[in-house]
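Work through the exercises below with the sequence and the coordinates open. Each task is followed by a stepwise solution.

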Amino acid sequence: MTFDTSTRPEHIQGILSSLDRYNPETVTIFQDYVQQQCENRTYDSLANLALLKLYQFNPHLTRDETITNILVKALTVFPSADFGLCLHLLPANALTEPPIDPFAEAVLKLFSLSRLLEACEYREFWMTLESDDLYADLITDCAGFEELIRLRIASTTAQSNREINRELLEGWLNLTADGFESFIKGSCGWAIEGDVVKIPLNKENEAKTTVTRENVKFDQFQRVIKRAYEQPA
Amino acid sequence: MLAGQNFNGTNRHLREDSDTDDEVLASTLVEEALRDDGDYDDLESAGGSLQISGENIQQRLAAAATPLDFQAPLQNRFDSYDNYCTLFHFILNSDGPVDLELPTYYWAWDVIDEFIYQFNSFCSHRNAVARKEGGGSEEERRLLCDHPQTWGCYSVLNVLYSLIQRSQMNEQLAAIKKGQDPNEVAGEYGSRPLYRMLGYFSIIGLLRVHCLLGDFTLALKTLDDIELNKKAVFARVMAAHFTTYYYVGVSYMMMRRYADAIKAFSHILVYVSRTKNFQKNAQFDSVTKKNDQMYALIAICVALCPTRLDDTIHASLREKYGEQFTKMQRGGPDALQIYEQLFMSACPKFISPIPPDFDKPENNVDPSQHHLRVFMADVRNSMLAPTLKSYLKLYTTMDLKKLAAFIEVDPEVLRTQLLVYKQRSRQTRWIEGGLLEGETINTSDLDFALQGDLIHISEAKVGRRLVDWYLRNLAKTY
């Protein structure tokens, strides 16, 4: 869950913290805000969930395109639970197989992308993304989608790896040659040595053995000491 | 007072059990009828003089807090809805605050609880009828179709929010938090027990409604002003205490914050197991079924996020769900079915806020199935984790290919599974502040890092605990 509210405009904050979040008239404001997030590469999960809730209550106002945009935005913050939280607010028949309408089909496609990302099957993710033009249509509104996903893949990679085979990582990031090198050196700040990419140590990939020692408080001995005083010498 | 009459002779926890056999029900009915009579006498003596426009308000108050029969015909559900509407309208929209004594101190909880319960079961029933699963008659379908507004989501939320606003409850709680006198901000309404209690429990009610609708984020956000501890007001009413933690736990679980969910469930389960000997009353009975459900949920959470439980909880868990728990902990495809079964039996009956599509039964899906599907995506992702963990525990360094050969999977599959393991062990956990806040922590006692194909494994060990042992022996020798 991402609670970065620094980019949230005041009028959105105003709606979210009042009962206006249930007012169907605010739908258009939230829709514009989703559009804005897509263009500016920002992300506001609470506002997006509020819009999905408005749709949930007022199905006649639903705009399929906005919902899929919200889902696409939620993909860019994996592995947080956001994508799932959005799905929970969709109509219950949105995930039935086979899909009942084109919208359900789009949702199912995005759901499969989300599962690939969560299962860390990055190479398959990119292959699936390129396998069908429908995917291209779905992500077209979300500026820098591929870049944002790459950054997330890089961060999960850095969690588990200190060194990784270059070819493997190229597949994960769907980048080769110059594009790969500039991403690794520029965006990630990692080093390439021959066919190995070296990732600097961080808190997550150190894997240091720790021993949690018992924390002994003086209070625990209170009774023993008291007894010692009370005991006749 | 149609509704009032029909309320007699039902029992809350039995009613939730649709499969209870009639014999038990019949014998309980007798007891229940006797008990109900007693309650009604109390009410009359508490405020017999209160009459509004010729109607007996006390009877309405009592009716509002009395459980509706599980199998009550549709007409009763409609009547009951009207009854609530009139009652809340009277409480909220009279000229100035209504002067009423609370029949009992837990009356306010009972009303909100029953109000939401009826809303919940009405929506579930309506959905089942539309799916043609509940065996609803044609007449029922028509009736439901013609009254889409009854038990509408907006009106239920409206009642809860209005009660909170009238009593200035959020302002009062904020004042308490800051150490100020809540009465200064309570206003004309909020300073009266009736409004104060209704307002307070409406917050818990909102938590529940949001959770039922699948909005788990908002559910937890609703409790921003309430501090979850034993001193909280809700802790004085056992059922409220219990319900709050159940829904908080479910919400955390659905947000994949298993560590927090386990903490919420074990808090209340420990509390119940310690106090059950003092709580042999009807209020406690209603808790029994939910209690078992929580054990099922905590089993799911612990299987997904291995955690050491309190000894008493662990023992009861083994007793109630031992076999399922072992299977889930072992992982693998066989476990999936167990997860599904436990989820469906232990989660609340999720609802959809809008009336179903009566013309196209095939278009209606049970909301619980929908949530299950989303939840299972995360469960499926963790099926290899137990096996992985059992192997990793044995080594400090290990070659990826060699381990892959042991587990009999492709080395690249193993690599992604390791990434998944790492990713899933990093969870947001609450430290302080609102329930949604938290920091990312490592929930696993096992950690590793890949250097090419070499796995470095580390363990977070807990040192021996000597102080307890030392103190106990010291006490013996003295």
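**Polar and charged links between the domains**

Between domain 1 of chain A and domain 2 of chain A, the count of salt bridges is zero. The model is predicted.

**Exercise 1.** Find how many residue pairs are in polar contact across the interface of domain 1 of chain A and domain 2 of chain A.

*Solution.* Take the bounds: domain 1 of chain A covers 1-160 and domain 2 of chain A covers 164-233. Then apply the polar-contact rule, an N or O pair within 3.5 Å, with both residues at pLDDT 80 or more. The rule finds six residue pairs.

**Exercise 2.** State which helices of chain A each supply at least two residues to the side of domain 1 that touches domain 2, and which gives the most.

*Solution.* The helices are H7 (122-131) and H9 (145-160) of chain A. H9(A) gives the most to that side, with nine residues. By class, this side of domain 1 of chain A has six nonpolar, three polar and four charged residues.

**Exercise 3.** Determine how far apart the domain centres lie and how much area the two domains bury.

*Solution.* The C-alpha centres of domain 1 and domain 2 of chain A are 31 Å apart. Domain 1 of chain A brings 13 residues to the contact, and domain 2 of chain A brings 16 residues. Together the two domains of chain A bury about 1,200 Å², with 64% of it on carbon and sulfur atoms. On the side of domain 1 of chain A, the residues that lose the most area to domain 2 are Arg150(A), Thr157(A) and Ala158(A), together 40% of what that side buries.

Technical notes:
Residues are numbered from 1 along each chain as its sequence is written. Chains are lettered from A and ligands numbered from 1 in the order in which they are written. This is a predicted model: local features need pLDDT of at least 70, side-chain atom pairs count only at pLDDT 80 or more; totals for chains, interfaces and linings use all residues. Side-chain values use heavy atoms; hydrogens and water are left out. Domain bounds come from an automatic or database domain assignment. Contact means heavy atoms within 4.5 Å. Buried area is the accessible area (1.4 Å probe) that two parts lose on being put together, summed over both. A salt bridge is a side-chain nitrogen of Lys or Arg within 4 Å of a carboxyl oxygen of Asp or Glu. A polar contact is a pair of N or O atoms within 3.5 Å; within protein, one must be able to donate a hydrogen and the other to accept it, and residues adjacent in sequence count only if both atoms are side-chain atoms. Helices (H or I, at least four residues) and strands (E, at least two) are DSSP runs, numbered from the N terminus. Ala, Val, Leu, Ile, Met, Phe, Trp, Tyr, Cys and Pro count as nonpolar, Asp, Glu, Lys and Arg as charged, and the others, Gly among them, as polar.
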